[in-house]
Amino acid sequence: MTTLIIAITVFISITAFNKTELLYRYQFNAYQILKRGQWYRILTHAFLHANWNHLLVNMIVLFFFGKALENYFQYYLGASTFYFIALYICSIIFSSLYDLKRYANDYNYNALGASGATSAIVFATIFFDPWQLLYFFFVIPIPGIVFGVLYLAYSYYMSKKQIDNIGHSSHFYGALFGFLFPILVKPELFSLFLQKLF
């Protein structure tokens, strides 16, 4: 399923690189969603990316963590495909809700990319193996749970500062949703997390 989502996202993103009207029509825009009823934008924006770097980073993260998460879902939940799709789609929506309210009257605010969903995938993986080493910038080893706390703190801080054009709030809420998703599906998994954590 990870490979299929990557293939679909890459195809749509590359197509939109050459057809900017697709970006304007399907990117996240709270004003267009709420005032003009274009609700599809809540999902479609995650399959579009601003440039090659944006696309490659998200797809590389999705590839490595998505494969691992599918295995965890299969082992602990017995149905990797269903839960993986549910997590991916729901995280796109959930990670957009804050900005939907925040920018409801801002016609000029646009966003795109799968970062909210990829953050959810990363944090769901951390949930199942909190001490597994992640490689920050693909070089620096750091335990997943430590990375998770730092990532959430940084995303929250940057979302309040609003000093760049990155959707830090979608990163924060996507990550939060990803971590909580296994508990929502199977509450007893929280004890598994605590066992692995301590």
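What share of the contacts in the protein chain with a separation of 6 or more is accounted for by residues 24 or more positions apart? Such residues account for 71% of these contacts, where contact means heavy atoms within 4.5 Å.

The structure is a predicted model, in which local features need pLDDT of at least 70 and side-chain atom pairs count only at pLDDT 80 or more, whereas totals for chains, interfaces and linings use all residues. Residues are numbered from 1 along each chain as its sequence is written, and side-chain values use heavy atoms, with hydrogens and water left out.

## Overall build

The protein chain contains 10 helices and two strands, these being DSSP runs numbered from the N terminus (helices H or I of at least four residues, strands E of at least two). In sequence order the pattern is α-α-α-α-α-α-α-β-β-α-α-α. The radius of gyration, taken over C-alpha atoms, is 17 Å, close to the 16 Å that the globule rule (2.2 Å times the number of residues to the power 0.38) gives for 198 residues, so the protein chain is as compact as a globular protein of that length. Along its principal axes, the C-alpha trace spans about 50 × 35 × 35 Å. Of the 198 residues, 46% are buried; buried means under 20% relative accessible area, exposed means over 50%, and partly exposed lies in between, with a 1.4 Å probe and protein chains only.

## The nonpolar cores

A nonpolar core is a set of buried Ala, Val, Leu, Ile, Met, Phe, Trp, Tyr and Cys residues joined through side-chain atoms within 4.5 Å. The largest one has 42 residues, and those with the most contacts inside it are Leu62, Leu69, Phe73, Leu87, Tyr88, Ile121 and Phe128. At least two residues of this core come from each of helix H1 (2-17), helix H5 (52-77), helix H6 (80-102), helix H7 (115-128), helix H8 (144-161), helix H9 (168-185) and helix H10 (189-197). Another core, of seven residues, lies apart from it and includes Phe28, Ala30, Ile33 and Leu100.

Leu69, which is placed in helix H5, is buried, with a relative accessible area of 0%. Leaving aside neighbours within four places in sequence, Leu69 is in contact with Phe84, Leu87, Ile121, Ala124, Thr125 and Phe128. The C-alpha atoms of Leu69 and Val122 are separated by 8.3 Å, although these residues are 53 residues apart along the chain.

Thr125, one of the contacts of Leu69, lies in helix H7 and counts as buried at 4% relative accessibility. Its side chain reaches the backbone oxygen of Ile121 at 2.8 Å. Beyond its neighbours within four places in sequence, Thr125 is in contact with Phe65, Ala68, Leu69 and Tyr72.

The expected span of a helix is 1.5 Å times one less than its number of residues.

| Helix | Residues | End-to-end C-alpha distance | Expected span |
|---|---|---|---|
| H6 | 23 residues | 34 Å | 33 Å |

In H6 the kink is about 35° and is centred on Ser96. The buried residues of H6 include Ser80, Tyr83, Phe84, Leu87, Tyr88, Ser95, Ser96 and Leu100, and what covers the buried residues of H6 includes H1, H3, H4, H5, H7 and H9. In H9 a kink of about 30° lies at Phe179, shortly before the proline Pro182. H9 is mostly covered, with 13 of its 18 residues buried.

## Two further sites

Trp52 is found in helix H5 and counts as partly exposed, at 47% relative accessibility. Not counting residues up to four places away in sequence, Trp52 touches Ile14 and Phe17. Trp52 and Phe17 are 35 residues apart in sequence, and their C-alpha atoms are 8.9 Å apart in space.

Gln38 lies in the loop between helix H3 (30-36) and helix H4 (41-44) and counts as buried, at 18% relative accessibility. The side chains of Gln38 and Arg41 are joined by a polar contact of 2.6 Å, a term for a pair of N or O atoms within 3.5 Å; within protein, one must be able to donate a hydrogen and the other to accept it, and residues adjacent in sequence count only if both atoms are side-chain atoms. Gln38 also touches Gln32 and Ile33, not counting residues up to four places away in sequence.

Conventions. The bend at a residue is the angle between axes fitted to the seven residues ending there and the seven starting there.
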